[in-house]
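Please look over the sequence and the structure first.

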Amino acid sequence: MFADTDLCKRCGACFDECPYDLIVEDKEGFPRLRPAARKTCIACGHCVAVCPVGALTLPDLPMTPRLAPEHCPPLDRELGVSLEQAYQFLRGRRSVRSFRKKPIPEGVVAELLDVARFAPSAKNGQPARWIVTRSREATRRLAGLTVEFMAINNVFPGVIKNWEKGLDKVLHGAPHVAVAHAPEDGFNPAEDCSLAAAYLELAGHAHGIGACWAGFLMEAAEGYGPIRDVLGLPEGHGVYAALMLGYPRYRYARIPRRREVELRWLD
Ligand SMILES: Cc1cc2nc3c(=O)[nH]c(=O)nc-3n(C[C@H](O)[C@H](O)[C@H](O)COP(=O)(O)O)c2cc1C
């Protein structure tokens, strides 16, 4: 049974929130799942999660195993942050390029990635897969291969010179780099991986962990076989995001200036 009619208050939230209009009212106004759900449900779980009284259970569907309220932890209203806290948190995140040597415990990386799973993704596809270097040596190896790619292609001579002098301007001596990859033939793999990476960066920020997008590595991973080999990318997967990760050497004291918002209201 989709709706527990003893609990359901017929508030209509599940009808309104289903992205594919897969929920209709039965004769008594209770929610009923349309047969089309078997094909079209994207397993977003919104119907179960939005119900204020825990009345809905999604049955086993091709896209998702049974989803009941007990699979969806309740939101703790006490854990809300103030507007000021949220705004400062978001404005205070910085790209970090000086890292302490101390590695991030594996459990903490796992925890951050566990949060990143909740980023939005096209059709709830959640395509991002992660590769994370365990050691500074493994991270440095990827930086070295990126420099090799630069040298072959005659680009970024400054980065190459620095590398020769022992300065890593690719991954900045970070203890780890997290690489997000996904099937190239998905709906929106670049957006999905970028959003997952943005969540990862923000979850890290909340944890006192610094991150910086590794654009050079991403570019090299796209066109340089040896990097793809070291990463062990599955066939047909592309690298769509990469983040250096580590404990920051410095604390930012201020929020830097950014461009004013450019906005045009349209009537
Ligand atoms: C797609 C992308 C690629 C980036 N690549 C690099 C990079 O290769 N190296 C680097 O030091 N910073 C990189 N950055 C970080 C930007 O330089 C940084 O976000 C920007 O200067 C603003 O600073 P903030 O993040 O502290 O606000 C990248 C950022 C993005 C979004």
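## Briefing

Pro256 is exposed, with 7 other C-beta atoms within 10 Å. A residue is buried if 20 or more other C-beta atoms lie within 10 Å of its own, exposed if 12 or fewer, and partly exposed in between, with C-beta atoms placed from the backbone. This is a predicted model: local features need pLDDT of at least 70, side-chain atom pairs count only at pLDDT 80 or more, and totals for chains, interfaces and linings use all residues. Residues are numbered from 1 along each chain as its sequence is written.

**Pro256 in the chain**

- Pro256 lies in the segment after strand S6 (237-246).
- The C-alpha atoms of Pro256 and Gln88 are separated by 12 Å. Along the chain these residues are 168 residues apart.

**Overall build**

- The chain has 10 helices and six strands. Both are DSSP runs numbered from the N terminus: helices are H or I with at least four residues, strands are E with at least two.
- Of the 267 residues of the chain, 30% count as buried.
- The C-alpha trace spans about 75 × 45 × 45 Å along its principal axes.
- Take the contacts in the chain with a separation of 6 or more: residues 24 or more positions apart account for 73% of them. Two residues are in contact if their C-beta atoms, placed from the backbone, lie within 7 Å.

**Ligand shell**

- Around the ligand are Arg94, Ser95, Arg97, Cys212, Trp213, Ala214, Gly215 and Phe216. A residue is near a molecule or strand if its C-beta atom, placed from the backbone, lies within 6 Å of it.
- Strand S5 (210-213) and H9 are the elements that give two or more residues to this shell.
- By class, the shell has four nonpolar, two polar and two charged residues. Ala, Val, Leu, Ile, Met, Phe, Trp, Tyr, Cys and Pro count as nonpolar; Asp, Glu, Lys and Arg count as charged; the others, Gly among them, count as polar.

**H9 and its cover**

- Phe216, Leu217, Met218, Ala220 and Ala221 are buried in H9. Phe216 also belongs to the residues around the ligand.
- The cover over the buried residues of H9 includes H6, H7, S4, helix H10 (225-231) and S6.

**H6 against H9**

- The axes of helix H6 (residues 136-153) and helix H9 (residues 215-223) come within 9 Å and cross at roughly 65 degrees. That makes H6 roughly perpendicular to H9.
- Axes are lines fitted to C-alpha atoms, for helices over the stretch in contact, and angles run from 0 to 180 degrees between N-to-C directions. Angles under 35 degrees count as roughly parallel, over 145 as roughly antiparallel, 65 to 115 as roughly perpendicular and the rest as oblique.
- H6 passes H9 in a left-handed crossing. The term applies if the near helix is turned anticlockwise from the far one by less than a right angle; clockwise gives right-handed.
- From H6, Leu142, Leu145, Thr146 and Phe149 meet Phe216, Leu217 and Ala220 of H9. The residues of this contact divide into six nonpolar, one polar and no charged.
- An α-helix has 3.6 residues a turn, so residues three or four places apart point the same way.

**Thr146**

- Thr146 lies in helix H6 and counts as buried, with 26 C-beta neighbours inside 10 Å.
- Leaving out residues up to four places away in sequence, Thr146 touches Val170, Phe216, Leu217, Ala220 and Ile227.
- Thr146 and Thr133 are 13 residues apart along the chain, and their C-alpha atoms are separated by 15 Å.

**H5 against H8**

- Helix H5 (residues 106-116) and helix H8 (residues 189-206) pack at an angle of about 130 degrees, their axes 8 Å apart. That makes H5 oblique to H8.
- The crossing of H5 past H8 is right-handed.
- Leu112, Leu113, Val115 and Ala116 of H5 make the contact with Ala196, Tyr199, Leu200, Ala203 and Gly204 of H8. The contact has eight nonpolar, one polar and no charged residues.

- Phe156 has phi near 50 degrees, a positive value in a residue other than glycine. Phe156 sits in the loop between H6 and helix H7 (157-164). Phe156 counts as partly exposed, with 19 C-beta neighbours inside 10 Å.
- His172 is not a glycine, yet has a positive phi of about 55 degrees. The loop between H7 and strand S4 (176-183) holds His172. His172 is buried, with 20 other C-beta atoms within 10 Å.
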